[in-house]
Amino acid sequence: MPRPGRRRFGIPPGGAWDQLAFRLANALLDNPPEAAALEFLLGGAVIIAEADMSLAIVGACDHIEVGAFPIKRNSRFTVGKGDAISVHPPQTGASTILAVQGGIQNSDRATVRLHEGDRIVTDRSSTDASCPKAFNGSLPTMMNQPLRIVAGPQSHMFDLAAFSLSTFRIRPDSSRMGIRLDCDPFPAGPEMVSEPAVQGAVQITNDGRPIILGPDGPTIGGYPKIAVVCSADLDRVGQLRPGNVVKFEWITLEQASILREESLVDGKRLTAIAKAL
């Protein structure tokens, strides 16, 4: 989960790119919504279980195996001690969440990068309570729809109509710090004194191309911000992969606020969504 309230110290919130997938994976296991889990971005891994446990996989991954047995995406499954869990890179989308019954013990940091040979410690105190077993369908990603944006603090420096009519392609050098977009360059705005920035802010860099700040993005920046992606669409940004084409749609702050309220999902609604999908 993101760790808010630390931007004043220069620390970004971190957390999973796709928060809905993250919370749904925990809901499948009856975990607290904020229980730590693994996120794979465009990649995969092989994990060896050191004990019997229940896991859930939600998001982009469409190829996961326990030993030689395939596992359905958006489902809960069990593994035994010594089993190899193979998570393969996704063919569509970018973010995959692998949650463990009881959650993963982690440090106070919202995001910890894992390396080959790392050992993952789980919270074995949780009981295997009754919970939904699988989704019967795909998550409602709306990936083919424009990203909805509100005007940023420097929007007056740019041609907003041209921005909404433009088509952008995700660049391969995108990361958790930001999604970089390729397009016909816009006139670059003037260099500014660095000011606060948030996840979802759309900055126009010196080369005239936009970047959407991610969960590990900077807390301040000197590039002008033409727009901010509404919070209801941030999970969709986390599923963008290099080569994807995106467009933007301007909405008002009031519309963004309504969309945010409609997108908020509490624990009971998470379980209901998991059962209904």
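**Salt bridges, stop by stop**

Start by selecting Arg260, which is partly exposed at 40% relative accessibility (buried means under 20% relative accessible area, exposed over 50%, partly exposed in between, with a 1.4 Å probe and protein chains only). The term stands for a side-chain nitrogen of Lys or Arg within 4 Å of a carboxyl oxygen of Asp or Glu. The structure holds ten salt bridges.

The model is predicted: local features need pLDDT of at least 70, side-chain atom pairs count only at pLDDT 80 or more, and totals for chains, interfaces and linings use all residues. Residues are numbered from 1 along each chain as its sequence is written, and side-chain values use heavy atoms, with hydrogens and water left out.

Next, select Arg148 and Asp233, whose side chains form a salt bridge of 2.6 Å, N to O. Arg148 lies in strand β9 (residues 147-151) and Asp233 in the loop between β16 (225-229) and α3 (234-237), so the pair ties together parts 85 residues apart in sequence. Helices (H or I, at least four residues) and strands (E, at least two) are DSSP runs, numbered from the N terminus. Arg148 is buried at 16% relative accessibility, and Asp233 is buried at 1%.

Move on to Asp182 and Arg209, a salt bridge with its closest N and O atoms 2.9 Å apart. Asp182 sits in strand β11 (residues 178-182) and Arg209 in the loop between β13 (201-204) and β14 (210-213), 27 residues apart. Asp182 is partly exposed at 35%; Arg209 is partly exposed at 21%.
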